[in-house]
Amino acid sequence: MIGFNILVLVSLTYVALLFAVAFAAEKRAERGEVGWLRSPLIYTLSLSIYATAWTFYGAVGYAARSGLEFVTIYLGPMLVMVGWWWVVRKLVRIGRSQRITSIADLISSRYGKSNLLGVIVTVLAVIGTTPYIALQLQSVTLSFSVFSGELTALKFEDLKNTALVVAAGLALFTILFGTRTLDANERHHGVVTAIALEAVVKLVALLTVGAFVVWGVADGPGDIVRKIEASKIADWNLQGGRWATLIFLSAAAFICLPRMFQVMVVENADERHVAIASWAFPLYLMLMSLFVIPIAVVGLNLLPGENPDLYVLTIPLALGQDGLAMLSFLGGFSSATSMVIVAAIALSTMVSNHIVMPIWLNARQGGATVSGDVRNVVLRARRISIGAVLLLGYLYFHFSGGGGALAAIGLISFTGVVQVLPALLGGIFWRGATRVGAALGLILGFGIWAYTLFLPSFGDSFIMSAAMLDQGPFGISWLRPRALFGIEGLDPVVHAVFWSMVLNTGAFLIGSLLTFPEPLERLQGAQFVNVFEHSRNAPGWTSSAAEAEDLLIMSQRILGAAQAQALFQRAASGQGKAGYLPDTTPDFIETLERELAGSVGAATAHAMVGQIAGGSYVSVRDLMAVADETAQIMEYSNQLEAKSAELGRAAVQLREANEKLTALSIQKDAFLSQISHELRTPMTSIRAFSEILMSGPMSEADQTKFSTIIHDEAIRLTRLLDDLLDLSVLENGQVTLNWQAGSLHDVLERAVAATTTMAAGRALTILRNEALEDVALVTDNDRLAQVFINLISNARKYCDAKKPRLSIGIGQQGEAVTVDFVDNGSGIPRASQSVIFEKFSRVSDKSQAGGAGLGLAICREIMDKLGGSITYLPGQEGTAFRVTLPLAQAKAAE
Amino acid sequence: MSAPPNTVYLERRTYRRRRMMDAARLLPVLGVLLFLVPLFWAPDPVQPAATARGMAYIFAVWAGLILASAWISRCLARTESGADAQEQSR
């Protein structure tokens with residue numbers, strides 16, 4: 001049996017070794033030889049702080065009580081790491097690009113750097129982690145007491161003293177190595193290396209004990225399987241609800257636990273390490289859990305009455321394997337200490353950044369101007385926080401009486417910290433998540449956790465009486481802490497996880513949907529959710545020595561390369577330096593800022609230069625002002641653009657209207673001059689011949705001749721006026737048509753007869769196909785005849801063939817009948833074809849026929865009124881017109 | 001990380017890389033399904049001692065997921081460093 005003193009000696013030696021390793025690692029890092037300190041192996045091993053004393057000792061006890069269920073605690077984290085592409089990779093990238101220092105910082109930063117959320121998460125983390133730290137202290141003291149060989153006789157008071165010593169020692173280590181530097185990126189090489197070493201120790205210890213149990217106690221794997229099947233945990237009694245809930249719970253806790261966030265995100269040195277840890281860490285967990293069931297089964301056989309939580313220690317001791325027991329003790333010690341150290345660092349960072357610093361800055365009211373000043377305050381706050389966190393853990397252990405199965409406390413703690421999950425996942429995947437939603441979800445989830453799981457865990461006490469547990473507060477049965485809303489029979493953990501997560505997520509979603517985020521919140525939201533679009537694998541801090549170069553790069557972007565270089569060269573030579581990089585004196589900065597202001601405006605230039613030349617130069621308020629200004633200008637310019645487009649459209653419309661009016665005015669002028677010309681010609685001859693008649697006596701023959709001329713001219717004038725009147729009536733639509741039944745043949749007959757009687761001397765042969773003309777019509781026969789007469793007489797007048805001939809053809813086109821008038825003249829030139837239907841248009845100046853050019857215009861109006869049309873038919877022998885009459889009216893006559 | 005949105009057809013290597021990302025996303029889903037399978041095992045009334053078999057199943061799935069994850073992350077890491085080198089040389 002190993003004496004208590006030897007045990008203490010070994011422990012102290014081990015602790016001294018850890019101090020030495022941490023110290024050496026810090027020294028190496030200080031010299032810049034990071035090398036293997038930042039290898040994927042160290043990263044993976046540091047993740048193993050997930051496996052605490054709870055899993056080192058507790059997993060075996062858990063397996064001895066409920067069989068295979070213990071494995072869920074490992075399956076969750078294993079799935080998270082296998083699914084690194086979803087969450088872990090994104091968290092690490094965000095952590096690096098946003099310089100995140102803790103999970104509280106991540107939540108607060110995502111939701112517009114809200115300190116309220118930082119405080120909530122910090123408080124939640126402290127309350128959730130304190131029992132866990134107590135658990136570690138308890139397991140270490142228990143393992144001490146096992147070695148002292150008087151577990152039952154040892155008083156609780158003595159255990160408390162051991163716990164106090166352990167807590168003090170851990171506080172010392174954490175303060176020494178956890179608060180050495182105030183790095184912007186918060187990396188602790190010494191601590192990480194030490195916990196990596198501890199990870200190796202606990203793995204080796206558990207594997208050795210496992211191998212001893214399988215091959216030393218039992219006769220190899222086959223025997224173990226037989227033993228398992230014969231043991232009391234052999235039966236397959238998986239509780240589905242617990243199985244699924246615990247996998248979810250452990251997966252969520254793996255992401256949300258402050259200490260896990262610390263090693264996974266904050267201490268991460270390279271994103272590529274995550275890819276390797278994605279399989280290496282599951283492998284580590286598998287090895288850790290491989291021998292849990294065998295150890296539990298052998299322990300149940302060998303030491304039936306003892307605490308199964310300590311089988312890992314008690315089996316080797318019972319079999320006289322002192323060395324193995326010592327290794328196992330060191331494994332458990334490592335598990336406990338590494339967890340406490342990292343948890344204390346993570347919590348102290350959160351407490352100092354989100355609770356102490358805001359209070360301190362508020363108390364100073366802007367008096368903190370010296371940077372060294374703040375630095376010391378932060379470090380002191382962290383050291384005190386570490387001490388306080390460990391003291392809290394110790395006090396919890398002291399007052400809780402050190403009872404309870406390890407696993408139960410572990411699960412309670414897990415359920416508390418996973419309340420951060422909705423706000424966390426919502427924050428990195430959903431831009432619509434708002435601060436109000438996150439705060440509501442966190443507070444509600446936290447409250448339900450405390451009410452349904454944390455407070456009842458103290459049992460019948462002053463906090464929650466047995467009566468309240470059984471009947472609900474004030475006898476309201478649906479508010480019973482273990483059967484919310486009357487749902488009974490659920491396992492307490494499943495019950496608490498279910499209700500807290502459902503209500504937490506619900507409050508988070510509804511709160512986010514109903515509220516509107518602040519500008520900074522939206523900015524941060526976009527940067528978090530779209531982190532892969534904005535950043536590459538983030539480089540380290542750029543040192544401030546490169547300021548002038550940075551300024552040059554920025555100015556080149558704004559001013560253009562040549563101009564910026566000239567400006568910088570001028571400034572450099574003004575300072576007596578060669579090259580392009582002057583010293584960044586206030587004068588130079590001022591000049592540059594003015595120069596840039598010409599391009600981008602004063603506020604932006606101020607902010608941009610400030611960002612490079614001095615970190616504290618620019619505040620968020622400045623940036624917001626710039627953004628507001630820009631937004632206003634953009635909106636104004638958008639408005640202007642819209643207005644100018646509208647004006648442009650109006651101008652085009654006006655121009656079109658003006659053109660139309662001008663054209664109409666020209667038309668009117670032309671019409672008036674045509675009319676007066678047409679009227680004046682006959683009037684002139686009438687006046688001239690009347691004067692001759694009045695001037696004196698003349699022969700009878702002359703008198704007759706002159707009065708005939710006057711008469712003819714008067715008739716022509718009358719006809720012109722008639723035509724004008726007719727056209728005007730037709731155009732105004734005042735004409736009344738005399739619809740009657742008739743036949744096309746009759747109408748044509750009438751027209752041909754009329755034109756022959758008024759024969760103006762020239763002979764015109766008219767060719768007709770009378771067989772086809774027998775088409776019945778309902779139309780205004782007189783008007784239709786007027787059209788035909790006009791066309792025939794036109795042919796008679798204008799056909800310039802030697803033997804003028806006009807053929808009248810009848811055809812059918814779908815619903816219409818066509819009447820073509822084709823003569824053998826030279827036709828109408830193409831250029832004139834489009835104008836022949838206009839008023840006063842005459843193809844030639846030969847006014848021999850004395851027409852005023854109104855005939856075809858009248859024809860077109862008549863045909864419109866009759867529902868048909870008249871068009872010029874090109875490509876015929878000579879001049880050709882086609883009259884189209886709707887056949888529907890022809891049919892109506894049948 | 002993401003190609004210009006107007007690219008429809010990707011180079012073969014990039015295409016393979018995208019599918020590897022899909023595989024990395026799907027693997028945990030597969031893991032969840034496989035680990036929920038034991039819930040459907042009805043207790044065998046004749047031979048109720050099934051913990052040993054359950055353990056064998058769990059650890060087999062576990063090992064399979066580790067191998068798959070190792071293979072995927074190796075492929076992704078290799079193409080990523082290749083892509084980085086390419087972009088820097090541009």
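1. The largest cavity is lined by 14 residues. Those nearest its centre are Leu37(A), Ile42(A), Val192(A), Glu267(A) and Ala269(A). Keep in mind that this is a predicted model.

2. How large is the volume of this largest cavity? It comes to about 120 Å³. The structure holds three cavities of 30 Å³ or more.

3. Next, the origin of the lining. Helices α2 (40-47) and α9 (189-217) of chain A each supply at least two residues of the lining of the largest cavity. The largest share comes from α2(A), with three residues. Sorted by class, the lining has six nonpolar, five polar and three charged residues.

4. Now look at helix α7 of chain A, residues 115-147. This helix has 33 residues. From first C-alpha to last, α7(A) reaches 47 Å, close to the expected 48 Å. There is a kink of about 30° at Thr129(A), shortly before the proline Pro131(A).

5. Why can α7(A) be called largely enclosed by the rest of the structure? Because 28 of its 33 residues are buried.

6. Helix α34 of chain A (residues 855-865) has 11 residues, and eight of them are buried, so the rest of the structure largely encloses this helix. The buried residues of α34(A) include Gly855(A), Leu856(A), Ala857(A) and Ile858(A). Cys859(A), Glu861(A), Ile862(A) and Met863(A) are buried too.

7. What covers the buried residues of α34(A)? The cover includes the helices α30 (700-732) and α32 (781-798), along with the strands β6 (869-872) and β7 (880-886), of chain A. After α34(A) comes Gly867(A), with a positive phi near 85°.

How values were computed: Residues are numbered from 1 along each chain as its sequence is written. Chains are lettered from A and ligands numbered from 1 in the order in which they are written. This is a predicted model: local features need pLDDT of at least 70, side-chain atom pairs count only at pLDDT 80 or more; totals for chains, interfaces and linings use all residues. Side-chain values use heavy atoms; hydrogens and water are left out. Helices (H or I, at least four residues) and strands (E, at least two) are DSSP runs, numbered from the N terminus. The expected span of a helix is 1.5 Å times one less than its number of residues. The bend at a residue is the angle between axes fitted to the seven residues ending there and the seven starting there. Buried means under 20% relative accessible area, exposed over 50%, partly exposed in between (1.4 Å probe, protein chains only). On a 1 Å grid over the protein atoms alone, a cavity is a set of points where a 1.4 Å probe fits but cannot get out, and a pocket is an open set with protein on both sides within 12 Å along at least five of seven lines; lining residues have an atom within 4 Å of a point. Grid points are joined across faces, edges and corners, and a volume is the space filled by probe spheres set on the points. Ala, Val, Leu, Ile, Met, Phe, Trp, Tyr, Cys and Pro count as nonpolar, Asp, Glu, Lys and Arg as charged, and the others, Gly among them, as polar. Contact means heavy atoms within 4.5 Å.
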